[in-house]
Amino acid sequence: MNPILMTIPESFESERLIIRAPLYGDGAAVNEAIIESIEGLRPWMPWANKIPTIEESEINVRQSRLEFLERTDLRLLLFHKETGRLVGSSGLHRIDWQARNFETGYWVRTSYEGQGYITEAVEAITNFAIQELEANRIEIRCDARNIRSANVAERSGFTLEGILRSEKRAADGSLRDTMIYSKVRGVEF
């Protein structure tokens with residue numbers, strides 16, 4: 001089946017979060033969260049080398065919306081149920097629809113760090129991928145120096161498969177090692 005014909009829910013919930021596809025108009029909330037969190041994002045996210053304008057954030061959100069509709073990338077925004085504030089961003093990326101393989105990535109707004117929101121989101125997104133998208137494999141890739149990201153993967157039950165040495169350029173230009181965690185149908189779920 002062509003993935004563009006798939007009916008994929010655009011919103012689901014965890015205990016404290018509404019997790020949903022980006023919508024036109026979300027750019028201002030994303031921009032506010034990025035500005036608050038830019039120093040914490042810079043070491044890990046190449047796109048955080050400069051602070052975007054609200055317009056640039058809105059363009060990015062609209063591109064993500066189109067990619068969601070095309071089923072080429074499923075970005076998901078994380079909103080706090082009680083306050084409606086953007087907590088962070090995640091999604092399912094590097095999609096292989098034939099094999100039903102996905103990669104999840106994430107970042108959290110500074111004011112919500114250390115409170116378990118990303119672990120909660122990763123677990124909900126993993127369950128969504130398994131139940132709604134019939135995932136066979138879900139990966140988390142992170143810079144080997146990003147201990148907090150690796151801890152999320154481990155707390156969420158992902159298995160470290162290996163480390164790709166000098167695999168990518170880090171945001172600072174140095175070569176970095178990439179840790180690859182996964183959950184695989186028939187093994188972890």
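Which residue in E9 is the bridge partner of Leu 160? In E9, Leu 160 is partnered by Tyr 181. The model is a predicted one.

1. **Strand E9 and its cover.** Strand E9 covers residues 175–184. Seven of its ten residues are buried, so the strand is mostly covered. Two strands pair with E9. Strand E7 (residues 137–143) pairs with E9 in the antiparallel sense, over seven bridges. Strand E8 (residues 159–169) also pairs with E9 in the antiparallel sense, over seven bridges.

2. **The E8–E9 turn.** E8 and E9 make a hairpin, with five residues between them. Look at Gly 173 in that turn: its phi is positive, about 95°.

3. **Ala 144, beyond E7.** Ala 144 sits in the loop between E7 and helix H4 (147–155). Is Ala 144 buried or partly exposed? Its relative accessibility is 24%, so Ala 144 counts as partly exposed. Along the chain, Ala 144 and Thr 178 are 34 residues apart, yet their C-alpha atoms are separated by 5.4 Å. Leaving aside neighbours within four places in sequence, Ala 144 is in contact with Asp 177 and Met 179.

4. Arg 137 and Glu 139 form a salt bridge, and their closest N and O atoms are 2.9 Å apart. Arg 137 is buried at a relative accessible area of 18%. Glu 139 also counts as buried, at 12% relative accessibility. Salt bridges with shared partners join Arg 94, Glu 103, Arg 137, Glu 139, Arg 141 and Glu 161 into one network.

5. **Other salt bridges.** The count comes to 18 salt bridges. Side chains of opposite charge can pair when their charged atoms come close. One of the pairs is Asp 26 with Arg 20, whose closest N and O atoms are 2.7 Å apart. Asp 26 is buried, with a relative accessible area of 9%. Arg 20 counts as buried too, at 18% relative accessibility.

6. **A pair within helix H2.** The side chains of Arg 62 and Glu 58 meet in a salt bridge (2.8 Å, N to O). Why are they about one helical turn apart? Because Arg 62 and Glu 58 are four residues apart in helix H2. An α-helix has 3.6 residues a turn, so residues three or four places apart point the same way. Arg 62 counts as partly exposed, at 39% relative accessibility. Glu 58 is buried, with a relative accessible area of 15%.

7. Strand E1 (residues 11–13) and strand E2 (residues 17–20) run antiparallel, joined by three bridges. They form a hairpin with three residues between them. Ser 11 has Arg 20 of E2 as its bridge partner. Arg 20 is also the salt-bridge partner of Asp 26. E2 pairs with E3 as well, in the antiparallel sense and over four bridges. In that pairing, Leu 17 stands opposite His 80 of E3.

8. Glu 120 is found in helix H3 (residues 117–133). Is Glu 120 buried or exposed? Glu 120 is buried, with a relative accessible area of 13%. Its side chain makes a polar contact with the side chain of Ser 14, at 2.6 Å. Not counting residues up to four places away in sequence, Glu 120 touches Ser 14, Glu 15, Arg 16 and Leu 17.

9. **Helix H1 is bent.** Helix H1 covers residues 27–41. A straight helix of 15 residues would span 21 Å at 1.5 Å a residue, but H1 spans only 17 Å between its end C-alpha atoms. H1 bends by about 45° at Ile 35.

10. **What H1 packs against.** The buried residues of H1 are Gly 27, Val 30, Asn 31, Ala 33, Ile 34, Ser 37, Ile 38 and Leu 41. These buried residues pack against helix H2 (54–70), strand E3 (74–80), strand E4 (86–96) and strand E6 (107–108).

How values were computed: Residues numbered from 1 in each chain as written. Predicted model: local features only at pLDDT ≥ 70, side-chain atom pairs only at ≥ 80, totals over all residues. Heavy atoms only, no water. Buried < 20%, exposed > 50% of the residue type's maximum accessible area, 1.4 Å probe, protein only. Polar contact = N/O pair within 3.5 Å; in protein donor to acceptor, adjacent residues only side chain to side chain. Contact = heavy atoms within 4.5 Å. Expected span 1.5 Å × (residues − 1). Bend = angle between axes of the 7 residues up to and from the residue. Pairing = 2+ DSSP bridges. Salt bridge = Lys/Arg side-chain N within 4 Å of Asp/Glu carboxyl O.
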